[in-house]
Amino acid sequence: MISLAITALSMTAVLVPLVISVSLLFRVSGVVNFGTGGFCVFAGAACATWGASNALLGVVATLLAGAVLGAVCYLIAIYPAQRQGVPAIGLTLATLGFGLLLTFLTRTWFGGEPSIVQPWIPGSVTIGDYQTARQRLLVIVLAALLVGLLYLLFDRTLIGRALTAVAHDPELAGMYGIRARRFEVLAWVVSGVCVIIGGMFQATLASVSVDVAPTLLVYALVGAVIGGLGSLFGAVGGALIAGIGMTLTDEYLQAGYHLTALFVILSLVLVVRPQGLFTFRGTAERV
Amino acid sequence: MSSTVNESEADLAPRLRRPRTVKRGGGRAGIPRSWAHVVGPPLILLVVGLATSGNEYYLHLATAAAIAYILTASFNLIYGYGGIFNLSIIITYGLGAFTSVWLEVRFGMSFWLATLVAILVTAALSVLIALPSSTLNELFLAIQTLAFALALAEVLSQWDEFTGGTVGIYLIPSPSFFGTDLIGGLPAFYWLTAVAVGLVAELMRRIHRSGVGRRLVALREGPRVLASVGVSPASTRLLAFGLAGAMAGLAGVLFAHFQMVIELETFNFNRLAALLLATILGGAGFLYGPLFGVLALVVMDELSLATSQAQDLIYGIGVLVLVLATRGGIAGAVDRVVRRLSGRHRGPEPELSEGDPTTSIEAVAAVPTGPPRALEVRDLRVAFGAPWPSTTSAWWCGPARSSG
């Protein structure tokens, strides 16, 4: 039982940053980021390469790269298209294009082979009669910290309020003196950092290669949709449901059917509650 | 002073008018055009076939491009015309390939029967995808169909007998036609593909000209319009899914017998990106969009071969540039040039019969670019579902405010 819980939680921990990133962008820019998979794979490979000698240096460098990539993605793929009035599906395609470019960068800079990041805390612990890697627990704790941090940022600071305002109505927010464009860039930076964190988590627990980019993308998208694209709370809930669903499928039905399980959950949610399982009147209003 | 102005006006007016009356003179200009649409595709296929039959590599390229045309036409039908961003088309394509091969190897069916069954299977699968997703907007539909495509690929990869797992299926039997073996990569197989492409092109032309095409475009632009003239948007949607699924299945069958070796990896995300690129770069919603798209893709693939292994880079840049720079893709640009040369600025689809009630909607809807248009409605209120004049409300919609 405890092994199941830890597996599900660590899977959730990987998904949470990805889902938050997708739903943040959807909220602020109205874009579903189809480049998420490319970001993740880039993160895994970059962290493995740059952190080969010094893990901390690698993590910091990768996080910075994520922030830059998020901003660059907005500036070259989204902003010009938005100015031309390209519809949402076109913006989505643009993110897909950016993801392909990132895949290309990953391939040329780091080689295409699967990359594994060495655990940040080596060794394992035994809880009851279940033994697990310390890294797994660390990832869960870090994910929880990240959620707490983002909650503080979005909900308890003026920055978060301004971001909410921009997400609702950029023009009106502009009238109140908020520079909407800057906050949109900020959202992309935060989202880029989140995706990168998710990619690094995945690379420390398993491995990341160019081929799994679409799979990670679907994890993130499905998690975001089943939780509801509106809020941080929804994102965490969606990631949790996805993580639990995949773990239970592995345990009780058949191993290796993660995507199928997710598709079934997604279809059920879209039929029963298309706005997302965790979208309520109170939470839908927040970024 | 005033008399000179009047004179110059009198001089100018006929000159302004004359070209229009000449160009519009009768329906004569229309007849050769529509004949060109009928005869064009087979002629192109014939010329390409004869030109490439000597060179193995070019023949290979031509056959691959012909198959890619069918797949792209299928996506153009559902996305370009119908506005349904159905990403599961890629696995429909794969399923067509595997189904036909499985039927032949396992049950000893002939190629022709297996093709028919595979097309029926893929059409049915496509309709099945359409059923639960009917209420979703395009982004959610994209997510659901993408999830479906990956999930089905996951399931199929576990079914070793059907897909050969990660290894793939080898030794695919070649179709035979009255004793002649049509072996993939040889001229005979090209002609088989050419016949299929000709049929698909003719089907697309007929759809483009007929009410079905207009219904699909109306589905893209505003399903409520369809419902308000008594056409069910739901069944139009199912039709789009079914037709697109059947065409993707056909492309898959041909692809499998052309390659003679298939594996699931072939029908992956990159192939999907290539398909999107071909459709949108070529011109989504244009009759000749897929043709231009496939040509562009062949050029890009050759480029990436020449620059070795940079397919991701070229596709990525291609997608970014086309989102930014092109409206209506290559076919849209060609269409604009043709219309400018022929002096026509209205009516994007000259084939439409005049006086058709949907013409004006179509005319506004089918051209994303061109001179800015605005629709202003004033003094309108809705009572019991029907518009009545009033003095209280006004709408305006035009390029500046429509967000798509």
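A: Chain A and chain B bury about 3700 Å² between them, with 77% of it on carbon and sulfur atoms, in a model that is predicted.

Q: How many residues does the contact take from each chain?
A: Contact means heavy atoms within 4.5 Å, and on that rule 44 residues come from chain A and 36 residues from chain B.

Q: How many salt bridges does the rule find across the interface?
A: A salt bridge is a side-chain nitrogen of Lys or Arg within 4 Å of a carboxyl oxygen of Asp or Glu, and across the interface of chain A and chain B the rule finds zero.

Q: Which kinds of residue make up the side of chain A that touches chain B?
A: Ala, Val, Leu, Ile, Met, Phe, Trp, Tyr, Cys and Pro count as nonpolar, Asp, Glu, Lys and Arg as charged, and the others, Gly among them, as polar. That side of chain A divides into 31 nonpolar, twelve polar and one charged.

Q: How are the residues numbered and the chains lettered?
A: Residues are numbered from 1 along each chain as its sequence is written, and chains are lettered from A in the order in which they are written. Side-chain values use heavy atoms, without hydrogens and water, while totals for chains, interfaces and linings use all residues, although local features need pLDDT of at least 70 and side-chain atom pairs count only at pLDDT 80 or more.

Notes
Buried area is the accessible area (1.4 Å probe) that two parts lose on being put together, summed over both.
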